[in-house]
2 protein chains.
Amino acid sequence: MSAVSGAPVRIGLLGCGTVGQGVVRMLAGTAGATIERASGQRLEVGPVLVRDAARPRPGVDPALLTTDPERVLGDPSVAVVVEVMGGIDPPMSWLLRALRSGKSVVTANKQLISRHGSELLRAAQESGTELRFEASACAAIPVIKVLRESLLAAEIEAVTGIVNGTTNFILTEMRRSGLSYADALARAQELGYAEADPTEDVGGADAAAKMAILASIAFHSRVLLGDVPYEGIDRLQAEDVDMAHDLGFVVKLLGLARLVEGAVSVRVHPTLVPAGHRLAAIGGPDNAVLLESSTVREIMLVGPGAGGTETASAIVADVLSILGTHRGSFLHNALADAGRPILPPDEVQSAFYMRLVVADRPGVLALVASVLGEEGVSIRTVVQRGQGVEARLVMVLHPTPGVRVRAATVRLAALEEVREDPVVIPVLGSGEGG
Amino acid sequence: MSAVSGAPVRIGLLGCGTVGQGVVRMLAGTAGATIERASGQRLEVGPVLVRDAARPRPGVDPALLTTDPERVLGDPSVAVVVEVMGGIDPPMSWLLRALRSGKSVVTANKQLISRHGSELLRAAQESGTELRFEASACAAIPVIKVLRESLLAAEIEAVTGIVNGTTNFILTEMRRSGLSYADALARAQELGYAEADPTEDVGGADAAAKMAILASIAFHSRVLLGDVPYEGIDRLQAEDVDMAHDLGFVVKLLGLARLVEGAVSVRVHPTLVPAGHRLAAIGGPDNAVLLESSTVREIMLVGPGAGGTETASAIVADVLSILGTHRGSFLHNALADAGRPILPPDEVQSAFYMRLVVADRPGVLALVASVLGEEGVSIRTVVQRGQGVEARLVMVLHPTPGVRVRAATVRLAALEEVREDPVVIPVLGSGEGG
């Protein structure tokens with residue numbers, strides 16, 4: 001482990017709901033230790049602003065809780081403020097004050113950034129602090145970092161995204177189960193994919209805020225929420241979802257941002273996506289963002305666009321970005337020290353596909369099954385196809401350590417009834433990795 | 001534009017093939033200007049080591065070309081060395097020397113990093129320089145940056161990837177066109193997706209090197225090429241690809257890296273992927289990497305895993321990472337200054353889906369078509385379904401500015417023959433964005 005020295009970096013929180021608790025747990029746990037190794041700086045969590053300091057928060061030291069914003073904003077030892085309370089005011093005035101007093105800010109607040117991001121960034125610039133907001137668009141999918149760092153110079157021409165998981169879940173259900181919009185929404189609410197008041201998601205405002213943020217960064221140009229016309233899925237009829245399917249399309253709520261002759265076009269609306277398009281395959285509550293440029297062609301990022309730990313992870317990554325990694329040393333240690341042992345391949349467990357060319361006569365399947373059984377390998381599926389004197393015996397085997405399948409294969413290959421070397425191919429999925 | 005000041009940062013190149021030429025063009029063009037704005041530092045390209053300095057390279061000033069490595073390695077004004085020549089030696093000794101003499105290094109050399117990454121990183125640490133190698137795994141797909149920054153603290157448990165485009169193209173062709181392995185390879189060579197000597201790709205060594213690098217970073221542990229058992233697709237039979245399909249699987253060459261009870265398991269081999277799995281949908285020469293962790297669930301990155309400009313883009317992004325972005329100011333300017341104009345939504349061109357409920361009587365389709373025609377909107381597909389007194393008229397319209405479709409819709413809604421408000425939904429694809 002590299003040396004961690006100096007006064008700790010104190011992280012103050014505004015808000016401590018699911019996401020805030022996730023941030024505290026991560027920073028106080030293994031993730032915090034990893035960040036300390038990578039940045040060379042010690043972390044300290046707290047104070048944490050809440051409405052009711054008497055109510056316990058799992059994993060959060062009650063002594064850190066306060067109802068007084070001064071304990072966060074007025075404390076000169078707080079170097080980074082994490083805002084996870086939501087809303088426009090008071091967060092706006094509090095974050096401005098934090099930035100102006102030399103504190104860096106991490107926020108998940110898409111409504112705030114899509115309306116007032118430029119004022120906050122100006123305050124950050126004037127005070128030499130940082131403002132980060134990865135969690136404001138698609139949670140743990142690192143689309144902002146990829147745009148502002150990896151693809152900063154790639155001259156992005158279009159950002160097309162499924163950036164709202166609630167509506168994507170509802171549309172997937174409408175198509176898959178033939179549900180009406182109202183019934184699909186009810187199911188989404190049952191499963192926790194939609195809020196009790198789903199207006200912001202189903203009406204498109206949530207997606208519009210994210211697209212304003214993504215378009216700003218992709219095109220290096222100010223795009224505000226008010227610049228993004230949006231339409232939700234709340235008036236979509238099952239008939240059109242079905243009709244679109246018949247015509248070879250899938251209906252998605254898309255955010256579409258692109259450069260058209262030097263101007264920025266950004267909008268959010270239900271869209272027919274050709275069934276073979278890669279965004280058509282993104283179902284359920286997942287998000288996906290497709291980035292296009294003549295330099296890099298198409299890069300797509302896919303993942304859960306919401307969730308407590310996912311959002312917390314993006315916030316923690318932003319904290320690390322602010323602290324910075326000290327040059328080389330963390331990765332150097334990681335790659336230079338053996339660290340974890342390497343597992344011999346034969347110990348890895350997997351399901352397997354096995355194809356045998358065997359003599360087409362009675363008793364061969366029983367013989368093969370008994371050899372497999374003796375080696376502790378069991379059969380999940382078997383297909384036998386006779387073709388005259390020879391037959392194909394194709395099996396999918398239950399998850400087994402590779403070493404056993406290898407032993408069984410050697411024995412099978414030696415049988416007079418087996419005519420060619422057995423073909424064995426691992427299967428991805430259950431049992432992978434034990 | 002923010003102030004760019006001080007002595008320029010000089011970038012030396014080792015090698016100047018397709019990728020090197022792409023790097024020079026990007027740095028000397030708009031991308032270089034963007035990096036200067038973002039980092040606050042001026043860039044200067046050259047010297048460029050080549051074998052034959054007399055042969056011209058498109059876009060590269062001939063005066064920069066040299067056959068003498070000293071002109072790059074011995075020049076104290078060169079701050080960053082970009083290695084795009086390939087091979088193990090001389091690059092290894094040259095890069096060690098560069099790092100030890102205080103130059104940072106960017107390389108696309110996966111064979112070198114997967115064998116000697118730890119020695120190079122140690123040299124970087126000792127001299128306080130940086131070593132970056134995003135382009136060594138999956139070109140412009142920023143999987144290394146995402147792992148080492150965005151997901152550094154996310155405790156990644158598995159990295160599963162299609163990390164070789166040549167083999168993915170061949171497997172896609174075997175399945176789609178029923179070709180044998182040899183014929184699919186020949187087609188890949190014809191189309192430029194496979195080298196004349198395809199051994200490193202089809203035998204799995206290329207994928208193994210990438211997986212060693214990705215596993216090292218994901219698990220913060222040294223994994224060398226020699227730790228990765230690999231098997232290619234060169235002995236795969238069309239019969240097994242077809243049989244797998246019948247059983248509900250797609251054959252992919254996968255890299256599988258995961259933590260098993262604290263140990264690292266990494267391997268590369270043909271694998272049966274369930275047809276519904278998200279990696280099964282990645283066809284052609286594309287790459288995809290799936291990152292799993294209990295914190296962020298599954299994040300997938302998809303894109304071209306090879307190509308000259310794609311690889312150059314990853315190298316340029318690494319150069320920016322080394323220079324660093326000065327706090328806030330670039331993004332601040334981007335979001336605070338209006339920059340580009342915002343295009344009014346009605347001017348955006350798109351294909352549209354339109355559904356009308358009309359009176360089921362002769363002449364209605366002709367009437368609708370003439371209204372559309374008068375507004376300059378033409379029909380690509382039309383489906384008419386009679387249902388007694390009413391009929392459904394469902395059309396897909398050719399790409400048209402939204403304003404025209406809106407005008408046509410208003411006129412259609414006013415017709416006595418049209419019984420409900422027309423439903424209009426944009427279609428993604430041709431014509432999008434004009």
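Which residues are buried in α2(B)? In the predicted model described here, where local features need pLDDT of at least 70, side-chain atom pairs count only at pLDDT 80 or more, and totals for chains, interfaces and linings use all residues, the residues of α2(B) that are buried are A31(B), G32(B), I35(B), E36(B), R37(B), A38(B) and S39(B). Residues are numbered from 1 along each chain as its sequence is written, while chains are lettered from A and ligands numbered from 1 in the order in which they are written. A residue is termed buried if 20 or more other C-beta atoms lie within 10 Å of its own, exposed if 12 or fewer do, and partly exposed in between, with C-beta atoms placed from the backbone. Helix α2 spans residues 30–39 of chain B and is mostly covered, since 7 of its 10 residues are buried; helices (H or I, at least four residues) and strands (E, at least two) are DSSP runs, numbered from the N terminus. The helix α2(B) is followed by G40(B), whose phi is positive, near 75 degrees.

Chain A as a whole contains 15 helices and 15 strands, and its C-alpha atoms fill a box of roughly 85 × 60 × 50 Å, taken along the principal axes. Of the 434 residues in chain A, 56% are buried. Among the contacts in chain A with a separation of 6 or more, 72% are between residues 24 or more positions apart, where two residues are in contact if their C-beta atoms, placed from the backbone, lie within 7 Å. The domain assignment divides chain A into domain 1 (5–139 + 324–334), domain 2 (143–306) and domain 3 (345–427), the bounds coming from an automatic or database domain assignment. Between domain 2 of chain A and domain 3 of chain A, the C-alpha centres lie 46 Å apart.

Within chain A, strand β4 (residues 78–83) is mostly covered, with 6 of its 6 residues buried. The strand β4(A) pairs with strand β5 (residues 104–107) of chain A in the parallel sense over 4 bridges, two strands being paired if DSSP finds at least two bridges between them.

The buried residues of α5(A) include L112(A), I113(A), H116(A), G117(A), L120(A) and L121(A). By contrast, Q111(A), which also lies in helix α5 of chain A, is partly exposed, with 17 other C-beta atoms within 10 Å. Leaving aside neighbours within four places in sequence, Q111(A) is in contact with I88(A) and A209(A). After α5(A) comes G128(A), whose phi is positive, near 65 degrees.

In chain B, V289(B) is found in strand β10 (residues 286–293) and counts as buried because 29 C-beta neighbours lie inside 10 Å. Apart from neighbours within four places in sequence, the residues in contact with V289(B) are C138(B), I141(B), V143(B), V159(B), G161(B), V163(B), M300(B) and L301(B). One of these, V163(B), is 126 residues from V289(B) in sequence, whereas the two C-alpha atoms are 7.1 Å apart in space.

The contact between the chains takes 104 residues from chain B and 104 residues from chain A. On the side of chain B that touches chain A, the largest share, 10 residues, comes from strand β9 (residues 263–274) of chain B, and the residues of this side divide into 58 nonpolar, 28 polar and 18 charged. In this grouping, Ala, Val, Leu, Ile, Met, Phe, Trp, Tyr, Cys and Pro count as nonpolar, Asp, Glu, Lys and Arg as charged, and the others, Gly among them, as polar. Because 100% of the interface residues of chain B are also interface residues in chain A, the copies meet through the same surface.

Chain B is superposed on chain A by a rotation of 180 degrees with 0.0 Å of shift along its axis (RMSD 0.0 Å), and the two copies are thus related as by a two-fold rotation axis. The superposition is made by least squares on the C-alpha atoms of residues with pLDDT of at least 70 in both copies. Of the residues of chain B, L301(B) comes closest to the rotation axis, at 2.4 Å (C-alpha). Strand β11 (residues 297–304) of chain A and strand β11 (residues 297–304) of chain B run antiparallel and are joined by 3 bridges, with L301(B) in β11(B) as the bridge partner of L301(A).
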